[in-house]
Amino acid sequence: MRFLSKFAMLAILTAVAPAAFAQAGGTSTITVEQPWARATPAGAITGAVYMTLTNKTKDQDRLTAASSDVAAKVQIHQMSVVNGVMKMRQLVDGLAIPAGGSVTLKPGGYHVMLIGLKKQLIAGQTLPLTLTFAKAGNVSITVPIQAIGATQAGKGGMGGMEGMQGNESGGMGNMEMK
Amino acid sequence: MRARQWVITAAAGVAGFAVIALVFTLVVIAPQQIGRAAGVASIGGPFTLVDDTGATVTEKTLAGKPYAIYFGYTYCPEVCPTTLFDLSRWIKALGPDADKLNYVFVTVDPERDTPKVMHAYVDSFDKHIRGFTGTPAQIAKIATEYRVYYKKIPTSDGSYLMDHSAMIYLMTADEKFDTVIPYQEKDATALAKLRNLITTPSS
């Protein structure tokens, strides 16, 4: 079963690869808004990236893979907390982006998980990320890194990094007292 | 021949009675025992682990102060760093009273979370928070005692993730269960629970 799905994904990727590269860079049919990553504690080898993906076409698309220079590998995950238990699952078949719709990856739901971090993610810095879609192909983005306690993208997404320098001196990023 | 049949019948009868007795024990008596053991007072218990400096620690290491204990793993990208960050913020908010509690992060992934990994990890949070790890058997024991659920979930690349209970347990100075702080608790509620724990007298 797992083999079949992998095979299917490989077949899809191979089939759409030429179109993918043609569409990369500004003209992609998928838009990525408000990407952000959570700063990591020292010694952590995983990190999470969140964003909103919008599919402008009339056909469903699928986020099938991702890669980044800062991580050995990148997976697409879904997490949930049910009855006090945190469950995290790898979305082996990727994440569907409905036709004309959008999907938000956010804490408590979907995330792009960076595994085998090559460096600590520091608030205020950025990391490169390439997302691979079944139809839209590759989309490369720059992801701002927010404080560990952040729960959403900074104001204005790519900008709005003021006051998010780490968790020292009571710095709380945009984590407001609830 | 007839005698032999009688013996077989008798043996079957004895075996049948034994099965009934066993079932009675398991179904009727055992749950009462377990039920008693599962009472609020039974959360927690003796343990032997190592802290993030490599030193051996036991339940006596925490004795004398009430404590907050959280189970997670450093491979966790969201719930664990968020929880430890929240806890760090609450510790700061407690001010000098923060010293009246112990704070521990116990890994449920001892295979990857060595003392060295734990040390680097907890070092990124408030300095009050200590990291405990141990052998898989030692972790299994403390998890059972604290009724913490955790389970390995394999990933496509031959690695694994961990499902785990995502709440902070608050324990009194004499190791009695007080309450929990669930994931994403409101700051005011969490602080009220921590302050209450500080002032709870030992029985």
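Two strands pair if DSSP finds at least two bridges between them, and strands themselves (E, at least two residues), like helices (H or I, at least four), are DSSP runs numbered from the N terminus. Before you start: this is a predicted model, where local features need pLDDT of at least 70, side-chain atom pairs count only at pLDDT 80 or more, and totals for chains, interfaces and linings use all residues. Residues are numbered from 1 along each chain as its sequence is written, and chains are lettered from A and ligands numbered from 1 in the order in which they are written.

**Exercise 1. Work out which strands of chain A pair with S10(A), and in what sense.**

Step 1. Find S10(A), residues 137–146, and look at strand S1 (residues 30–38) of chain A: the two pair in the parallel sense over two bridges. For a landmark, A:Arg38 stands opposite A:Gln146.

Step 2. Now try strand S9 (residues 126–133) of chain A, which runs antiparallel to S10(A) and is joined to it by eight bridges. Here A:Thr130 sits opposite A:Ser140.

Step 3. Trace the link: a hairpin of three residues takes you from S9(A) to S10(A).

**Exercise 2. Describe the side of chain A that touches chain B.**

Step 1. Count the contact, taking two residues as touching if their C-beta atoms, placed from the backbone, lie within 7 Å. You get 32 residues from chain A and 32 residues from chain B.

Step 2. Sort the chain A side by strand: S2 (46–55), S4 (71–82), S5 (85–90) and S8 (110–117) each supply at least two residues. S5(A) gives the most, with six.

Step 3. Ala, Val, Leu, Ile, Met, Phe, Trp, Tyr, Cys and Pro count as nonpolar, Asp, Glu, Lys and Arg as charged, and the others, Gly among them, as polar.

Step 4. Follow S5(A) across to chain B, where S5(A) pairs with strand S7 (residues 160–165) in the antiparallel sense over two bridges. A:Val85 stands opposite B:Ser165 there.

**Exercise 3. Explain why H3(B) and H6(B) count as oblique.**

Step 1. For H3 (residues 79–94) and H6 (residues 187–199) of chain B, the axes come within 10 Å and cross at roughly 60°.

Step 2. Check the classes: under 35 degrees is roughly parallel, over 145 roughly antiparallel, 65 to 115 roughly perpendicular, and the rest oblique. H3(B) and H6(B) are therefore oblique to each other.

Step 3. List who meets whom: B:Trp90, B:Ala93 and B:Leu94 in H3(B) meet B:Asp187, B:Ala190, B:Leu191 and B:Leu194 in H6(B). That contact has six nonpolar residues, no polar and one charged.

How values were computed: Axes fitted to C-alpha atoms, helices over the stretch in contact; angles between N-to-C directions.
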